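This briefing covers selected features of a single model, grouped by topic. Please read it alongside the sequence and the structure shown here.

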Amino acid sequence: MKSTTRLLVMMSLLCATSLFARTQAPYELRCELLKGDVLGSIVDPTPHFAWIVPVEKEGGRQTSYQVQVAKAADGFGRGKSPVWDSGSEQSSASLGVEYAGEPLQALETYEWRVRVGVEGGELGHWSRPQRFTMAAELADAPSRHPTEATPVAPKSIVELEPGRYLLDFGKVAFGFMELDLVASKAGELTVHFGERGSPKGVLRELPEKSSVRYYEVSLAVSEGNGVYGVHPPKNLRNTKPVAIAIPGRFGTIAPFRYVEIETNGIELGKLEAKQLAIHYPWDEYASSFRSSNEDLNALWELCKYSMKATSFAGTYVDGDRERIPYEADTYINMLSHYAVDSEYSLGRYTHEYLMDFETWPTEWKQHSVMMAGIDFMYTGDIASIRRIYERLKKEKTLEERAREDGLLVGYPYPNHGQRPGRSADIVDWPPVERDNYVFTEINTVVNAFHYLNLLQMADIAEALGKADEALDYRSRAKRFYVTFNETLFNEETGLYVDGEGTEHSAFHANLFPLAFGLVPEARYESVADFIVSKDLACSVYAAQYLLEALYAGGREDAALRLMTMKGIRSWQNMLAVGSTITLEAWDDSFKPNQDWNHAWGAAPGNAIARFMLGVRPLTPGFAKMLIAPRPGSLEFVEGRVPTIRGPVDVSVKQVRGESMEVVLRIPGNTEPVVSLKLPEGQRLGRALVNGKPADYEEEGGIVTFEGIASGAYRIRLDYE
């Protein structure tokens, strides 16, 4: 008996060991970039699939996969064959895997699953299936989720005086309100919706040009208990045919935080309320951030919430005044959204929408190439660039404007509105934020964007297998770099001029070349010193590239100072005036008609993720990623940065003059490059990874580790 028992135990242990050895199931499945079950949204007849590869130990490199797709009514393992079985594919691809089975039918519901092999092992456990329904009309186009409504309870309900109540929902959201009350008699309540307010009530008196929202609504109530949907009135400007329409199921919506209710002699036995906040699907836990600077923490929270709140239209729009997409707005919105949620479909949809409905500024057209590049780098999915590549070449690179030396001939801003198509160079917006920029036909800012476009078009062409075109773009970029620096740099001042034919050097003429890699190393100091000396001499739009320029120039402490500085020209001013969504401008005094709900003001959100925490893709879809935290003088920073391969957790703690400790958790199926910067004046004594001496390279105070793979790591640098 003992021998039999021992044999059974050994067999049981062997089975358990065998099961444990099999790769765990992939998770967070996506169909056409969409997470979760997708109902009635997939329009592409050959959708692309993606998944996250689990990390069971250090490494986590996928070497094989198998995908199956079945009709939902049939399911898996019920005796019916799937509509597609990829079989075992020897591949590391976990993004953008294209469906290759029998034609999918409109309005039919399917489900798909995947299993993977890791590090040469056998195929592991099947994932939980993801369900998706095909749209009524199929086309090669991006898909998206429908927007949704989340009920938000008020932070407080206060009776300011008899018959007058104030409700504060804590944050501005786009939506409407639901009231649950008991009225002593039938009659009308007066409801005041306000985007701004205070404990004293809704701000009703606004300057003539203000776009801050205030509405008054009469609500008929019946005697006794009743539940009422209360909607703001229609706004004639943001409901024009050119504006993005809000789904009819939500009714009329507006941004509001505060609500005043005047009962007009009706006694209320009960008063409960909900703010119905409209937004795109949102994962609150996809990202996090905390540091030793509370002002920076508050700013990050402002930027993060702005991404959720401004997604109300199911398309990125320029706030509530127009509800229209613009290219530059969308680009910054994409970067900041990607920094706080692993949600890429909304950015892709808006980007491709703008390919058909472009706007007038020269640089906005150039942003379309930038959006295509960012979409591909963050998703690793080729579908979008494959659809629009030829149009990018023809319509967005502006190659027809290039003269013989490669520099683009622009259209100075004063000509705006005087040409067919209304194209004009913009430099910055609003115009008061241009630092006295001198417009010439050879515009330094426009040409800086063109250089970036050439590099991005080369990457896109290479990804599409167009090797000759990729080589041509890279060759042109190389020649352009030389011409730009010979034509537009003033050797006497050590600065770039605004354009050919002028000696004026505006802030913008220098920050864009530095941000886009056009400044030779020998010129870094003079250009970066000039930029630092000017503080925030630009709009919140151009501040996106200002932060990029400062980090590119190794001035992370200057970037930190700008993000935390006080005063009317600052991000902290957005918090000081009481906004809960980033503003369109630094303050009303610079743009009286500005929106108080504009996503392009959220540049610090992506700067913190991409540069302070240092997580960004080196190759498409984070197949190779950079983790290069640059906390500057902060004692500690920690955060979670979402990627399409899974979240990256970064924690940095510094003891001045002694050490730096970095804790990382890196998702599977990626190759990370970890880069740490020694504080100025410090020399490296030793480097440990997980308590053991590590191999590294050091150059110019930058310590690089390339032997790190997926998994958890603790890196310690001790200074001499």
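Predicted model: local features only at pLDDT ≥ 70, side-chain atom pairs only at ≥ 80, totals over all residues.

In which loop is D435 found? D435 is placed in the loop between α6 and α7.

**Backbone geometry in loops**

- The phi of D435 is positive, near 55°, although the residue is not glycine.
- D435 counts as buried because its relative accessibility is 18%, and the cut-off for burial is under 20%.
- The loop between α6 (383-396) and α7 also holds P430, which is joined to W429 by a cis peptide bond with omega about 0°.
- N690 is another residue other than glycine with a positive phi, in this case near 50°.
- N690 sits in the loop between β29 (684-689) and β30 (692-693).
- With a relative accessibility of 36%, N690 counts as partly exposed.

**Nonpolar cores**

- The largest nonpolar core comprises 178 residues, and the members that touch the most others are W51, F132, W571 and F705.
- Helix α7 (residues 444-463) gives the most to this core, contributing 10 residues.

**Helix α9**

- Helix α9 spans residues 507-515 and is mostly covered, with 9 of its 9 residues buried.
- The buried residues of α9 are F507, H508, A509, N510, L511, F512, P513, L514 and A515.
- Their cover includes the helices α7, α8 (467-487), α10 (524-533) and α11 (543-552), together with β22 (495-496).
- After α9 comes G517, which has a positive phi near 80°.

- A609 belongs to helix α14, which runs over residues 603-612.
- A609 is classed as buried because its relative accessible area is 4%, whereas the cut-off is under 20%.
- Apart from neighbours within four places in sequence, A609 is in contact with A339, G614, V615 and V641.
- Between A609 and S210 there are 399 residues of sequence separation, and their C-alpha atoms are 33 Å apart in space.

Key:
Residues numbered from 1 in each chain as written. Heavy atoms only, no water. Core = buried A, V, L, I, M, F, W, Y, C linked by side-chain atoms within 4.5 Å. Buried < 20%, exposed > 50% of the residue type's maximum accessible area, 1.4 Å probe, protein only. Helix = DSSP H or I, 4+ residues; strand = E, 2+ residues; numbered from the N terminus. Contact = heavy atoms within 4.5 Å.
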